[in-house]
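Subject: The structure, and some notes on it

Hi,

Here is the structure I wanted to pass on to you.

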Amino acid sequence: MVAPLRQLRKAWSDWHSAPQKLLTGRDTFFKRYLYRNYHTFASITHRFHQRVTLAGWLVLAGTVAAAALGADTNASSCYQTFALLACVLLISAACTPFGRPKLSLQRILPKFGAVGEQLHYRIVVRNQSKRPENALQLIEELPDPRPSFQEFVSTPEPGEEGRNWLDRTYSYYRWRWLMGRNKRANVQEQAVPDLPGAAECCIDAELTPLRRGMLRLTGTTVACPDPFGLFRSLRKIPARQSVLILPKRYAMPVFDLPGSMKYQMGGVSMASSVGESEEFVALREYRPGDALRRMHWKSFAKLGKPIVKEYQDEFFVRHALVLDTFGGPAEEEIFEEAVSVAASLAYTIQNQDSLLDLMFVGPQAYCFTSGRGVGHIEQVLEVLASVKVCQEKEFDALESLMFAHAADLSGCLCVFLGWDEPRQRLVKTMLARGMPLRVFVVTAQDRELPPGPMAAQPGNFHVLPAGRIAEKLASL
């Protein structure tokens with residue numbers, strides 16, 4: 001009796017869930033249909049914008065208008081204008097394939113760039129034919145910004161829930177937002193001066209990076225107009241190069257870091273090497289019990305008595321810059337702002353005589369040290385340029401990383417993506433250990449947050465809403 005009842009319940013469950021499964025399948029099919037249309041339309045639009053000049057668009061518009069007005073040949077003579085413009089368009093289109101120049105290119109790129117700052121570089125253009133080339137334009141090719149189908153389906157636009165039913169169904173604004181998010185840089189076309197046969201020239205070019213990380217230039221397209229200047233022939237020259245784009249930095253004043261000097265086992269050298277060492281002070285005579293490895297043999301040979309090197313323990317300030325990397329796809333823009341805040345703090349701290357440990361969690365826990373000759377701020381910014389949201393580990397991994405280094409730290413600067421219970425618990429635990437803290441919380445909305453465990457130190461708790469981060473950091 002039990003088995004038939006189970007079969008009956010399973011049949012009822014399958015029948016009840018069948019419409020939902022069918023709806024899900026139809027929805028996936030519809031999303032794929034939308035994706036293919038948007039994907040194809042974006043490709044066609046991109047090609048038309050590259051091939052048709054402004055004069056070409058005007059002539060095309062005039063041709064369409066003349067065709068509409070001259071439909072009745074007895075009432076209007078606009079059909080003659082249409083015939084003339086159509087002939088010009090056909091001749092221009094027919095001449096386009098014969099204008100592809102033979103050029104070679106070489107870029108001279110800098111080592112780094114920065115988000116929002118113009119990146120200046122040079123392009124050496126060589127004419128490999130004996131024919132002179134005129135009125136050429138160079139178009140830098142960036143990676144395709146069109147999202148994948150999985151990205152299109154699973155990544156909603158911020159605030160999409162507030163749009164009407166039609167916009168949510170067709171997801172056009174989501175597509176536009178994803179296209180803009182995946183765009184790595186703004187690039188303007190570069191005009192090439194007139195090139196005689198077998199000659200070369202050097203062009204000063206520029207672009208504006210929009211995203212941190214590795215900016216990859218896949219090639220350069222050479223655009224050559226037809227004799228009427230309506231259409232352009234395109235020839236892509238493969239020239240793969242890349243440049244590292246550092247995070248955006250905000251201007252901020254120099255501020256007092258929390259904490260004081262602490263004894264560091266092994267001194268500065270321990271920050272970048274394994275083993276113990278101490279700070280050299282002076283030479284002195286040998287005393288019973290001194291290690292033989294501290295013998296200064298040159299002085300021994302010169303004075304005829306044993307001389308040893310004397311060391312002392314070193315005390316200095318060492319701070320941690322903790323970056324919260326735990327967020328989901330919805331927090332991606334907030335995470336980018338948090339990385340910019342961390343870069344701004346690191347760039348400001350570099351001028352102070354202290355060590356800085358950059359701590360964050362990715363596939364594993366990382367700690368990078370700079371300052372006092374151990375490393376340079378450029379290395380910290382390089383690391384921040386490549387850091388990503390962590391989805392492989394839990395927030396406890398960041399707690400373990402901070403606890404492992406807490407004994408060596410004079411103070412800690414924390415950049416958080418939120419102010420929930422786990423983050424407040426971490427701050428409370430570090431304060432209970434006597435660790436001086438300064439907390440920066442990056443938020444999507446401009447609203448006040450309760451300081452929680454930082455209530456006793458309101459001056460060390462900062463809420464940075466997106467859109468007002470530069471203002472808030474400048475007022476520290």
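Let me begin with a charged pair: the side chains of aspartate 420 and arginine 423 form a salt bridge, at 2.8 Å from N to O. By salt bridge I mean a side-chain nitrogen of Lys or Arg within 4 Å of a carboxyl oxygen of Asp or Glu. Aspartate 420 has 34% relative accessibility and therefore counts as partly exposed, while arginine 423, at 8%, counts as buried. Here buried stands for under 20% relative accessible area, exposed for over 50%, and partly exposed for what falls in between (1.4 Å probe, protein chains only).

A word on the source: this is a predicted model, in which local features need pLDDT of at least 70 and side-chain atom pairs count only at pLDDT 80 or more, while totals for chains, interfaces and linings use all residues. Residues are numbered from 1 along each chain as its sequence is written, and side-chain values use heavy atoms, with hydrogens and water left out.

Salt bridges with shared partners connect Glu151, Arg181 and Glu332 into one network. In total, the structure has 20 salt bridges. Helices (H or I, at least four residues) and strands (E, at least two) are DSSP runs, numbered from the N terminus. Both glutamate 151 and arginine 181 are buried.

Another salt bridge joins the side chains of arginine 212 and glutamate 336, at 2.8 Å from N to O. These two come from distant parts of the chain, 124 residues apart: arginine 212 from the loop between β7 (200-209) and β8 (213-225), glutamate 336 from helix α8 (residues 332-349). Arginine 212 and glutamate 336 are both buried.

A serine in a loop

Serine 171 is found in the loop between α5 (165-170) and α6. Its relative accessibility is 0%, so serine 171 counts as buried. A polar atom of its side chain lies 3.3 Å from the backbone oxygen of arginine 168. Leaving aside residues up to four places away in sequence, serine 171 touches Lys31, Tyr38 and Phe152; contact here is heavy atoms within 4.5 Å.

The strands

Four strands make up an open, antiparallel sheet in the order β1-β3-β7-β5. β1 (103-108) and β5 (185-187) are at the edges with a single partner strand each, so one side of each has no neighbour in the sheet. On average, neighbouring strands of this sheet are turned by 30° against each other, direction ignored. Six bridges pair β1 with strand β3 (residues 119-127) in the antiparallel sense, and serine 104 stands opposite arginine 126 in β3. Strands count as paired if DSSP finds at least two bridges between them.

Elsewhere, strand β18 (residues 437-443) runs parallel to β19, joined by five bridges; threonine 443 has proline 465 of β19 as its bridge partner. How many of the residues of strand β19 (residues 461-465) are buried? Five of its five are. Phe461, Val463 and Pro465 are buried on one side, and His462 and Leu464 on the other.

Best wishes

Key: Axes are lines fitted to C-alpha atoms, for helices over the stretch in contact, and angles run from 0 to 180 degrees between N-to-C directions. A polar contact is a pair of N or O atoms within 3.5 Å; within protein, one must be able to donate a hydrogen and the other to accept it, and residues adjacent in sequence count only if both atoms are side-chain atoms.
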